[in-house]
Amino acid sequence: MKFMVAIDGSEHCEKAFKSACNFTRDEDELVLVTVISDGLELPNAYGADTERYAKLVKERTAEFKAPAEKMLNRYKAEAEADGVSTVETQVLFGEPRARLIKYVEEADISNLFVGSRGLGAIKSVLLGSVSRFLVHNATCSVTVCR
């Protein structure tokens with residue numbers, strides 16, 4: 001089986017990560033994924049400066065990719081120390097909900113582990129907006145941890 005953990009560094013994400021490690025068996029794969037939101041919407045007005053937009057996205061990508069990879073590598077080392085034999089990391093770019101759903105489908109994920117709430121500024125009463133979206137739209141089982 002192939003398990004995935006959506007990593008954002010939050011307390012709930014830590015619990016999802018530990019649950020996934022405990023759930024993973026020798027023949028299973030564990031994929032640790034984080035998404036960097038570019039936070040920029042493609043300008044669509046006539047005369048929009050798409051070249052400037054592309055430059056901003058490239059700068060943001062370079063700025064955040066190294067710290068994201070470092071965070072994922074820390075989780076990878078911890079998973080390997082816990083006995084998980086196959087661990088892969090992926091840094092994705094774009095809107096988190098859409099990118100996570102797309103990756104689940106592309107990578108043929110069996111079970112997605114997520115924290116009940118992430119690092120978003122506005123917290124939902126029971127379940128964060130990303131985790132709620134994943135529960136309702138993922139093509140695989142979703143385990144929500146808190």
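## Close-up views of a predicted model

**View 1. The end of helix 3.** In this predicted model, Asp 108 follows helix 3. The phi angle of Asp 108 is positive, near 55°.

**View 2. The buried side of helix 3.** Helix 3 spans residues 96–106. Its buried residues are Leu 100, Ile 101, Tyr 103 and Val 104. They lie on the same side of helix 3, because they cover an arc of only 165° around the axis. An α-helix has 3.6 residues a turn, so residues three or four places apart point the same way.

**View 3. Met 4 and its surroundings.** Met 4 belongs to strand 1. Its relative accessibility is 0%, so Met 4 counts as buried. Beyond its neighbours within four places in sequence, Met 4 touches several residues, including Leu 100, Tyr 103 and Val 104. Other contacts of Met 4 include Val 31, Val 33, Ile 109, Asn 111, Leu 112 and Phe 113. Ala 107 is 103 residues away from Met 4 in sequence. In space, their C-alpha atoms are 9.5 Å apart.

View 4. A search of the whole structure finds 0 disulfides. Cys 13 is in none; the nearest cysteine sulfur belongs to Cys 145 and is 9.8 Å away. A disulfide requires two cysteine sulfur atoms within 2.5 Å. Cys 13 is buried, with a relative accessible area of 1%. Cys 140 is buried too, with a value of 14%; the cut-off is under 20%.

Methods
Residues are numbered from 1 along each chain as its sequence is written. This is a predicted model: local features need pLDDT of at least 70, side-chain atom pairs count only at pLDDT 80 or more; totals for chains, interfaces and linings use all residues. Side-chain values use heavy atoms; hydrogens and water are left out. Buried means under 20% relative accessible area, exposed over 50%, partly exposed in between (1.4 Å probe, protein chains only). Helices (H or I, at least four residues) and strands (E, at least two) are DSSP runs, numbered from the N terminus. The arc is that of the directions from the helix axis to the C-beta atoms. Contact means heavy atoms within 4.5 Å.
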